[in-house]
Amino acid sequence: LKYSFQIECSVCLRRNVRLMFLYVSFVDSWDTFFAKSMSEGNGHQHVEMFTEKSDPHDWETWSLQLNRGSLVSRQTLHHFAKELVYCSPPVAFRRQFWGFCIDHVDPELTFVPPIVDLIEAAIGADEVVGQHDLQLITLDVARTRNLSEEQQVVLARILKAHCSLHARRSRSSNVSADSSRGVHYQQGMHMLAACPLWAGLAEVEALALFELVLNTLCRGCHTDPDLATFRKNASILETLIRERLPTLAAAFGVSGKPLMLLSFDPLLCLFTLHLRCSAAIRFWDVLIVEGNLVVIFALQLALLEHFVSNPNLLGPEAAFEDQFGSTFAEKLGYLMGELDEVDVEGIVRRCRELMMQTGAHGLRQRVEQLQTKNPGVTGQSAPFSFMGAVSGLSNMLAAAGKAFVSTVGDDGHLGRTVSEGDALGARNI
């Protein structure tokens, strides 16, 4: 149906005459509200029309409909939330909006644990979480930006609850500690858990959203032993950049910089690595309501387009063709941190345009084709190119006073660690 509508019936007494009111409010661009009242027993019937602001670009109207628990389906509310999110930020309604998105998902499809399991996992987590995970969590929490001391304590509890939950699941499914190496935390996860706290979510809500993005948008990227899912998705993103931003791809080729450098932040950290907190939260509005991999690609392409179309932001060095790729790679993180609200909203609108593309050259269709082909994942050269990209990222971040290294622990577990330079950012809101 093109129009979503809400029907409410109520019966009341007015001067001992029973009245039944039927309200039908259309939630579309029409600014109309119809109310039909029918009086029983007196043969009188009339129709009244009222004008009421029911703009679909209105989060307050959306919130009221959600709160009323009416006959409007959650699917319809989700549809209109998708429309709204590209037009304006939810601002005061963000916590309600994100909570709605958490509740909207199908746990059987996303494998997101129910709230009761999350709470149970949080209780006594310190006794369940492995020492290796505890060390990494402590290290990451201490350098997470824009959190108060109280929020840092909450962040640590969230990450420990995650480890506790999956440790319990491993035991219940008879997975031995040796086969899973007892490791359930990967460095970088803390940024995914921090963003909900930046947005003002309560601890349980933040934990639920953290599990949601890990099991949907980042599914497999942190948990695959050889990071196969990440490498597959990074290969798809590289292909999209070559096809849609050939000038940028060529510049990276000339400079010797791997395009995979452009995959770490969106695929592993969901744009929380460099963006200001307010900008990252705005990106998450879009990510959460869409809930699929395509929107990550769309946001990253829109972001890269913004900088490619404004080369003056890169400084005078970018004017030299042989230096454009290196300059872009080195300054991208800084420039992302300098985006203002107008820039962010423009990128969000461009993301919508990319998501709406149809036909053989539509973004969704192209991603499906690339996923079917499974490019760049098989073969012996994939691990080598991955490690080379990590080394390149280390050099790029070191130039900004940060570092990002890959380490292999004594147990053979591939981990991602960050130096005391706090590679995961130190920007202000």
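A salt bridge is here a side-chain nitrogen of Lys or Arg within 4 Å of a carboxyl oxygen of Asp or Glu, and by this rule the count comes to 13 salt bridges. The structure is a predicted model, in which local features need pLDDT of at least 70 and side-chain atom pairs count only at pLDDT 80 or more, while totals for chains, interfaces and linings use all residues. Residues are numbered from 1 along each chain as its sequence is written, and side-chain values use heavy atoms, with hydrogens and water left out.

**Confidence**

- The mean pLDDT of the protein chain is 74, and 65% of its residues reach 70 or more, where pLDDT is the predictor's confidence in each residue, from 0 to 100.
- Over residues 375-386 pLDDT stays under 50, and the model has 18 contacts beyond four places in sequence for them, a contact meaning heavy atoms within 4.5 Å.
- Over residues 389-429 pLDDT also stays under 50, and here the model has 97 contacts beyond four places in sequence.
- Where pLDDT is low, the predicted coordinates should not be read in detail.

**Overall architecture**

- The secondary structure of the protein chain comes to 20 helices and 6 strands, taken as DSSP runs numbered from the N terminus (helices: H or I, at least four residues; strands: E, at least two).
- Of the 429 residues of the protein chain, 50% count as buried, with buried meaning under 20% relative accessible area, exposed over 50%, and partly exposed in between (1.4 Å probe, protein chains only).
- Among contacts in the protein chain with a separation of 6 or more, 68% are accounted for by residues 24 or more positions apart.
- The protein chain exposes about 20200 Å², of which carbon and sulfur atoms supply 54%; accessible areas come from the Shrake-Rupley method with a 1.4 Å probe, and for residues only the protein chains shown count as cover.

- Side chains of opposite charge can pair when their charged atoms come close.
- Asp-285 and Arg-94 meet through their side chains in a salt bridge, at 2.7 Å from N to O; because Asp-285 lies in helix α15 (residues 277-290) and Arg-94 in helix α3, the pair ties together parts that are 191 residues apart in sequence.
- Both ends of that pair count as buried, since Asp-285 has a relative accessible area of 0% and Arg-94 has a relative accessibility of 14%.
- Arg-94 and Asp-285 are also linked with Arg-282 and Glu-345 in a network of salt bridges.
- Arg-95 and Glu-205 form a salt bridge at 2.9 Å from N to O; Arg-95 lies in helix α3 and Glu-205 in helix α11, so this pair ties together parts that are 110 residues apart in sequence.
- Arg-95 counts as partly exposed at 41% relative accessibility, and Glu-205 counts as partly exposed at 26%.
- Glu-305 forms a salt bridge with Arg-350, with the closest N and O atoms 2.7 Å apart; the pair links distant parts of the chain, Glu-305 being in helix α16 (residues 293-308) and Arg-350 in helix α18 (residues 341-356), 45 residues apart.
- Arg-350 is partly exposed, with a relative accessible area of 25%.

**Cysteines**

- A disulfide is a pair of cysteine sulfur atoms within 2.5 Å, and by this rule the count comes to 0 disulfides.
- Cys-195 is in no disulfide, the nearest cysteine sulfur being that of Cys-277, 7.6 Å away.
- Cys-195 is buried, with a relative accessible area of 0%, and Cys-101 counts as buried at 3% relative accessibility.

**Surface and helix α5**

- Ile-119, Ile-123 and Val-204 make a nonpolar surface patch of about 260 Å²; patches are made of residues with over 30% relative accessible area and no salt bridge, like charges being joined within 9 Å and nonpolar side chains (Val, Leu, Ile, Met, Phe, Trp, Tyr) within 5 Å.
- Val-204 is found in helix α11 (residues 203-215) and is partly exposed, with a relative accessible area of 35%.
- Glu-120 is found in helix α5 (residues 115-122) and counts as partly exposed at 45% relative accessibility, while its C-alpha atom is separated by 8.1 Å from that of Leu-165, 45 residues apart along the chain.

**Positive phi in loops**

- Val-91, a residue other than glycine, has a positive phi near 50 degrees; Val-91 lies in the loop between α2 (74-85) and α3 (94-104) and is exposed, with a relative accessible area of 58%.
- Asn-146 has a positive phi of about 55 degrees although it is not a glycine; Asn-146 lies in the loop between α7 (131-142) and α8 (149-172) and is partly exposed, with a relative accessible area of 27%.
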